[in-house]
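Morning, everyone. Let me put the structure up, and then we'll walk through it.

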Amino acid sequence: MRSLSEIDTVSKRSSRAAGYSWGISEEIGKNIRLLEMFSLPGIKNLNDFYKKKKDLKLEELTLIKEKNETSKSKFCPIIAGVSFLDQIGNLKNINKIKFTNIAYPILFLPFVSRASEVIGKRIHLKLDDKEFIMNFNNSISYNFFKSEIIELSEVISINILENKDTFSEIEWKELYKLSEDTFVEENESLKQGGAGAGLTDND
Amino acid sequence: MDIPLRNPNTIMKLSRLGSFHQSKLSFLRSFLKEFKDWEYKRDLFDLNEHGFGTAVYSFKKNNRVYSLVCFANKLNEDERSDRVIATKWDAAFTLHDGVPTKEDIERLLNEVPKQEFGRLSFKELTLSRANKSVRVFNHVVENLSNGIQPDRELLSKVGYLYRTTAVYGSGKFGLADRFRIKNREEIYGPFRLEMMLVYLVRQFTFDQVNHVAHKKNPKKAVKLDIEICKSLGIGNSTGLGMAPFIVNHPSLLNNWIYAREICLKKIRGIKKVNSKDSDLFKDCLKKSIKNITSWNTDSEYQKKKIKGLFSELNQFILYLDNDFDFNEEFPFNKIYLYLENNYDEECIEYVVSMMMEPYDDIVSPLIKKMSSEEEKYFNIPTDRTVSDLKTILEEKYSDILKIDFLKKENQLNFWFISKNKEEPRLANRFDEVGSELEQPLAIARDIKKLYEVIKSSKNNLKISEFLSQNFDLRHVVRRAFIVEKFPYSEIQDNTIGKEIIPIDMLRLKLSFFGALKFDPRSDKWLRICMFQGAPLPEQLKNYNEHWVYN
């Protein structure tokens, strides 16, 4: 088994060899490490991408807007990803962001995952029929388990989620009530002696 | 009195970093302190009459076990080389996490001797190999087998029976990634498992030499005297592989230097020094002179440094004995200022290391802060502005911005990774091929380039926008924002200039390891000795922490 450190180093160096700057290559190293740690096929997709990159005629998306469309070519997943991560501060108030035709979209995912950490919000990403939840870069939840190469996504839609509970207030109260069964009912004696400072608490 | 931290623009110069010496902060000393109450055991010692075979040593505490697995091999004379191009060694080692099973040892036997060409697993933590100092090893075997102890003078000149030629960790060749073990309190200090490996290898070398001598002449052989064992360490040959490490790990480098600087600041800030502490300082300083007089090297560069150090230290000791009063207020501050005014960097940094000896209460809490969660600082704060970046560059890189990189001498060299060994190398940009594949280690040049570009950019431009137009400068933009947070994270020198002495970079790192007796073999590699004078594993429970000077 390859260690994550090896994955990071080889991804970084191969990215430099594929023509990216050292700074971008550093980002890719960290990203492939993340994908592999989250059991997503990072190395597989990166390797295939670099084998075909020269023939893909990629467009560099450097300014992210609400709708990012290209009909003639394909967006480079790395530059689109770097731009998304770098510009997330400006994008966080846009609830839905759409991209068409991103090549090798799996390589775009870790940038979105890291952006989720930067803004402190979960991000929902729909890649054609596949769905992902980016959880503050601590994990990525997804609904497919095939270690596959995805050469192109027709549509990626990104939804920055508000920090809301995943449960109802009623469910919370029910569980809280149960948790109260670990508390001790205080009698007068416990009220007097159980706490520290007594009457001077609020002095 | 508020003593300021020393200026990074002075301390982070290569000549100063290349004058650092071991101290109480050094990793091999903090390793011994941490593991002194662990249970040490030799679990397996299955060597043939020539000393070839397998051995296992362990440290255990509660449910945690670390085991060194050793494989000693037959090596022909013409196969022995310390250079990184070697493919066979006298012995190969790995530190296994837990107790290795029979299957583990069989697996490791197939992989560990191959080193870079083998595959380790997440159950292994560090990997190394070593070669005998054949002259010394044979001399010791010969004497012990005849019932006599070896020539102490010869041993003292070399200082070890074996020297390692590489020690790997942190995920290399399939070893465990750091994230798997980083929460273990016993390894909070940097390189602690690498230190454990080297320390246990040292014990293996003593056991092996005793074993071979005994097999050679069972009736007459004696064991190597314990005091002689203590006086021997493990040699290490180190090349350029170490140099990029300190460039590639800025926040870690900061935490090492920052710990040293905080120690110095606090010690200089002690108003009244009690006689016990001042006596210990002077005692260590005087005893340490023997480490200088026994420091052998053929390098003219190092000889000159040693001669200067020896002379200045003797002058300084005379000054301390005759002209200095420790009853004055803030005596260590006075000493430090006196050093800065009168002595060279080598001597200043030597005494700075020595000042830490009495102050366990200052040093110990800092040791656990010498690691770094580097991932935390990786993201670039893209909502900042070009104006912010410009201020950082002007404040943190003032000397670097003065370098003229259009001059050939200031960009004479380039760093590259060799294809055959995947190791860093340095070459002349104008004489050799390959500079188009230069590694991003010319930080000074790239910072200057960044500065030139931002000077013509709008001040209020967001970094996100700046980066979208300057992909090639991303790596140095990241560094600048790291340096803003960590003052000692950047070498304040040109790492590609004509004047660069790469072994200064190695020596910085090795001083933090706790190495003694730097012996440059060229400007690009050197030999050192580790654990020379250190207690043996059986003596760890009750050892003198100032063993380096005894």
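First, a word on helices and strands: they are DSSP runs, helices being H or I of at least four residues and strands E of at least two, numbered from the N terminus. With that, Tyr50(A) lies in helix 3 of chain A, residues 42-52.

Two housekeeping points. This is a predicted model, where local features need pLDDT of at least 70 and side-chain atom pairs count only at pLDDT 80 or more, while totals for chains, interfaces and linings use all residues. Residues are numbered from 1 along each chain as its sequence is written, chains are lettered from A, and ligands are numbered from 1 in the order in which they are written.

Back to Tyr50(A). Tyr50(A) has 16, so it is partly exposed. Its contacts include Ser14(A) and Ala18(A), leaving out residues up to four places away in sequence. Contact here means C-beta atoms, placed from the backbone, within 7 Å. Now take Asp181(A): it sits 131 residues from Tyr50(A) in sequence and 59 Å away in space, C-alpha to C-alpha.

Next, Ile88(A). It belongs to helix 5 of chain A, residues 88-91. Ile88(A) counts as buried because 24 other C-beta atoms lie within 10 Å. It touches Ala115(A), Val118(A) and Ile119(A), again not counting residues up to four places away in sequence. Val118(A) is 30 residues along the chain from Ile88(A), and their C-alpha atoms are 7.9 Å apart.

Most residues other than glycine have a negative phi. Ser39(A) has a positive one, near 65 degrees. It lies in the loop between helix 2 (22-37) and helix 3 of chain A. Ser39(A) is exposed, with 11 C-beta neighbours inside 10 Å. Asn101(A) also has a positive phi, of about 55 degrees, and is not a glycine. This one is in strand 4 of chain A, residues 96-103. Asn101(A) is partly exposed, with 19 other C-beta atoms within 10 Å.

On to chain B. Its domain assignment gives domain 1 (36-239) and domain 2 (374-485). Those bounds come from an automatic or database domain assignment. The two centres, taken over C-alpha atoms, are 41 Å apart.

Now the sheet. Nine strands of chain B form an open, mixed sheet in the order 1-2-3-4-5-6-7-11-10. Strand 1 (39-47) and strand 10 (516-520) of chain B are at the edges with a single partner strand each, so one side of each has no neighbour in the sheet. Pairing means that DSSP finds at least two bridges between two strands.

Look at strand 3 of chain B, residues 64-72. Seven of its nine residues are buried. It pairs with strand 2 (residues 53-61) of chain B in the antiparallel sense, over nine bridges. There, Ala55(B) stands opposite Cys70(B). The two strands make a hairpin with two residues between them, and Asn62(B) in the turn has a positive phi of about 50 degrees. With strand 4 (residues 91-97) of chain B, strand 3 of chain B pairs antiparallel over seven bridges. Phe71(B) faces Ala92(B) in that pair.

Further along, strand 6 (160-168) and strand 7 (233-238) of chain B run parallel, with three bridges. Arg163(B) is opposite Gly235(B) in strand 7 of chain B.

What about the core? A nonpolar core is a set of buried Ala, Val, Leu, Ile, Met, Phe, Trp, Tyr and Cys residues joined through C-beta atoms within 7 Å. The largest has 148 residues, and Leu68(B), Met196(B), Leu197(B) and Val201(B) touch the most other members. Helix 7 (192-216) of chain B gives the most, 12 residues. Domain 1 and domain 2 of chain B both contribute, so this core lies between them. A second, separate core has 45 residues, including Ile28(A) and Phe75(A).

Last, the contact between the chains. How many residues does each chain give? Chain B gives 22, and chain A gives 20. On the chain B side, helix 18 (463-469) and helix 19 (474-485) are the elements that give two or more residues.

Terms used
Two residues are in contact if their C-beta atoms, placed from the backbone, lie within 7 Å. A residue is buried if 20 or more other C-beta atoms lie within 10 Å of its own, exposed if 12 or fewer, and partly exposed in between; C-beta atoms are placed from the backbone.
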